[in-house]
Amino acid sequence: MKMINLKINDRPVTVPEGTNILDAAKQVQVKIPALCYHPDLPAWAACGICVVKQKNSPKTLRACATAVTEGMDIVTHDPELYAIRRTVLELILSTHPDDCLQCLRSGRCELQRLAQEFGIREAPYGKRLRNLPPDTSTTSIVLNPEKCILCGRCAAVCQQMQGVWALEFLGRGEKTRIAPAADVTLDESPCIKCGQCSAHCPVGAIYEKDETHKVMDAILDEQKVCVAQIAPAVRVALGEAFGLEPGAISTGKIYAALRRLGFKKVFDTNFSADVTIMEEGTEFISRFTKQTGPLPLITSCCPAWTDWMEKYAPDFTENFSSAKSPQQMLSALAKSYWAEKNGIDPKNIFMVSIMPCTAKKYEIGRDEYMAASGVQDTDVVLTTRELARMIQSAGIDFNGLPEEPADDLLGAYTGAGTIFGVTGGVMEAALRTAYCLITGDAQPPSIEFNAVRGMEGVKEAVIDIKGTPVRIAVAHQMGNVRQVLDAVREDRAAGRKPRYDFIEVMACRGGCIGGGGQPTGATDEVRAKRTAGIYTDDERCTLRMSHLNPEVQALYKDYLDAPNSEKAHHLLHTKYHERKVYKR
Ligand code: SF4
Ligand code: SF4
Ligand code: SF4
Ligand code: FES
């Protein structure tokens with residue numbers, strides 16, 4: 001790799017060719033302010049706050065969009081640059097409401113932080129608010145264009161990372177605004193509710209639909225038995241809201257916090273991830289060894305992905321695993337199996353899922369299969385961000401909490417369940433169990449399948465199951481899936497056997513650890529730390545294969561009979577069908 005030598009504020013620095021000035025400056029501990037730039041996205045140079053200069057040159061450069069060149073002599077801070085940045089901020093603030101006190105992003109807003117850093121106290125350009133109404137049409141996210149600073153991050157994420165094209169700029173000049181494509185509502189648009197726009201927005205213009213009040217009301221209702229479940233990826237990210245490093249494993253503290261908030265029982269979605277492997281793994285083995293359905297089998301535990309498939313790739317409906325997501329499995333089991341064991345009427349159970357995900361808010365009401373227990377299985381989904389706010393508002397000292405265990409019957413998990421939180425995890429968990437069930441061996445030669453790990457957009461591998469090759473693909477970040485599906489379509493058109501037997505897809509970059517409901521500020525550096533936390537949690541588990549989970553074994557013995565049984569199908573499986581890309 002060619003290296004480039006330059007100076008930043010008279011300090012020599014050497015960085016790889018192609019590095020932008022903003023990142024080069026970080027090497028010498030200099031932070032250049034930025035607003036529209038995000039390391040996940042190509043620089044768009046929309047806001048102008050990152051201006052810098054070459055020494056002895058009057059010309060300003062945008063540090064986010066300018067690659068370093070040999071011999072550059074960059075000045076990042078001087079009175080003129082300070083004045084330009086301040087003017088940029090004052091102009092942005094002139095069209096931005098001053099209601100920080102009521103804003104969901106207050107305290108974590110990039111614009112608010114810059115306004116504080118620059119000591120902005122006056123409004124020299126007055127106020128020119130646009131009076132644009134919020135779009136509250138989806139059950140997952142809210143778009144408030146009034147707060148939008150037109151940085152373009154959300155449109156770039158939606159179009160380029162996710163390949164959905166649900167958001168775009170409409171209007172011109174002063175009337176420019178961010179809006180769902182074709183100026184319909186978000187609910188009518190192609191949006192798959194992944195929430196990546198909300199996780200990348202620097203301000204409070206796109207955010208999760210806040211449902212904390214519903215949960216507080218249910219907790220106060222004495223007729224209700226409030227029960228919570230937490231998803232794999234939440235445990236390695238929630239701590240960030242309390243000053244912990246990304247990747248810090250807070251499972252026991254989260255159980256403890258939920259009990260202090262008033263939940264009567266706390267279960268773990270990792271348990272139902274193990275159940276998913278029993279159901280989906282059995283489906284795979286049956287299709288693979290007995291040709292009972294089409295291959296490749298495609299995983300279905302990501303609701304943003306299933307929504308995308310139903311809209312953009314309905315020709316793959318038959319390839320989908322009918323297994324529900326772990327969230328929906330656990331809720332259905334809580335309101336049937338657990339309710340029966342404890343003599344509780346499912347109508348009185350209020351089931352709250354804590355998820356890294358905004359799409360899960362949509363999933364709970366997607367069709368009648370989400371009421372397999374006879375009532376709606378999951379009542380409310382809270383994102384990691386919402387749970388953090390609930391803990392903070394209840395005055396709970398999160399870091400001082402003891403580590404508590406989960407409750408019995410639906411709380412025990414294996415390492416295979418926890419790795420559902422990362423890209424490749426569902427596939428790895430399925431392979432661990434499938435290997436044993438196909439060969440009869442106690443465990444695979446290596447419990448870790450490194451070929452499915454890592455941040456490559458599409459990972460392909462051939463797994464040797466004692467002489468039988470299983471051909472797999474793993475895709476994460478929605479925009480990467482088309483190439484995998486197109487390859488299968490190419491095989492179909494040529495009348496060939498499809499090149500993959502099993503495909504895993506997760507809509508978010510890095511999998512759920514990078515979910516749209518996780519604490520904001522995720523970059524690949526943060527995702528890598530959360531991923532490491534998940535793999536550590538797996539390594540710490542005594543049991544690392546789903547079929548060995550004693551509570552899962554008891555569930556089948558006492559209640560479901562066997563994986564894919566009629567009862568298991570009724571509670572734990574669903575159906576998919578084509579949906580329109582635009583509702584109108
Ligand atoms: S939630 Fe996902 S699909 Fe919907 S607008 Fe945001 S980025 Fe696009
Ligand atoms: S909604 Fe947020 S991310 Fe999108 S353009 Fe506006 S400020 Fe930027
Ligand atoms: S990858 Fe995970 S967090 Fe992202 S949409 Fe899918 S299930 Fe939700
Ligand atoms: S951060 Fe560089 S132009 Fe916006």
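Analyst: Gly 343 follows helix H10, and its phi is positive, near 60°. Helices here are DSSP runs of H or I with at least four residues, strands are E runs of at least two, and both are numbered from the N terminus. The model is predicted, so local features need pLDDT of at least 70 and side-chain atom pairs count only at pLDDT 80 or more, while totals for chains, interfaces and linings use all residues. Residues are numbered from 1 along each chain as its sequence is written, with chains lettered from A and ligands numbered from 1 in the order in which they are written.

H10 itself covers residues 326–342. It has a kink of about 40°, centred on Ala 334. The bend at a residue is the angle between axes fitted to the seven residues ending there and the seven starting there. H10 is largely enclosed by the rest of the structure, because 14 of its 17 residues are buried. Buried means that 20 or more other C-beta atoms lie within 10 Å of the residue's own; exposed means 12 or fewer, partly exposed is in between, and C-beta atoms are placed from the backbone.

Next comes a loop. Asn 348 sits in it, between H10 and strand E13 (349–355). Asn 348 counts as partly exposed because it has 13 C-beta neighbours inside 10 Å. Leaving aside residues up to four places away in sequence, Asn 348 touches Gln 223, Lys 224 and Val 225. Such a contact needs the two C-beta atoms, placed from the backbone, within 7 Å. Pro 303 is 45 residues from Asn 348 in sequence, and their C-alpha atoms are 26 Å apart in space.

Now the ligands. Ligand 3 is surrounded by 15 residues, and the closest are Cys 302, Cys 357, Cys 508, Cys 512 and Gly 515. A residue is near a molecule if its C-beta atom, placed from the backbone, lies within 6 Å of it. Helix H9 (303–312) and helix H11 (359–363) each give at least two residues to the shell around ligand 3. That shell has eleven nonpolar, three polar and one charged residues. Ala, Val, Leu, Ile, Met, Phe, Trp, Tyr, Cys and Pro count as nonpolar; Asp, Glu, Lys and Arg count as charged; the others, Gly among them, are polar.

Ligand 1 has 14 residues around it, with Cys 158, Ala 166, Cys 191, Cys 194 and Cys 197 nearest. Helices H4 (153–161) and H5 (196–200) each supply at least two residues of the shell around ligand 1. Around ligand 2 there are 13 residues, and Cys 148, Cys 151, Cys 154, Cys 201 and Ala 205 come nearest. The shell around ligand 2 holds eleven nonpolar residues, one polar and one charged.

Step back to the chain. An automatic or database assignment gives domain 1 (3–77), domain 2 (92–208) and domain 3 (213–572). The C-alpha centres of domain 1 and domain 2 are 26 Å apart. Nine residues of domain 1 contact 14 residues of domain 2. On the domain 1 side, seven are nonpolar, one is polar and one is charged.

The chain counts 18 helices and 17 strands. Buried residues make up 51% of its 584 residues. The C-alpha atoms fill a box of roughly 75 × 60 × 50 Å, taken along the principal axes.
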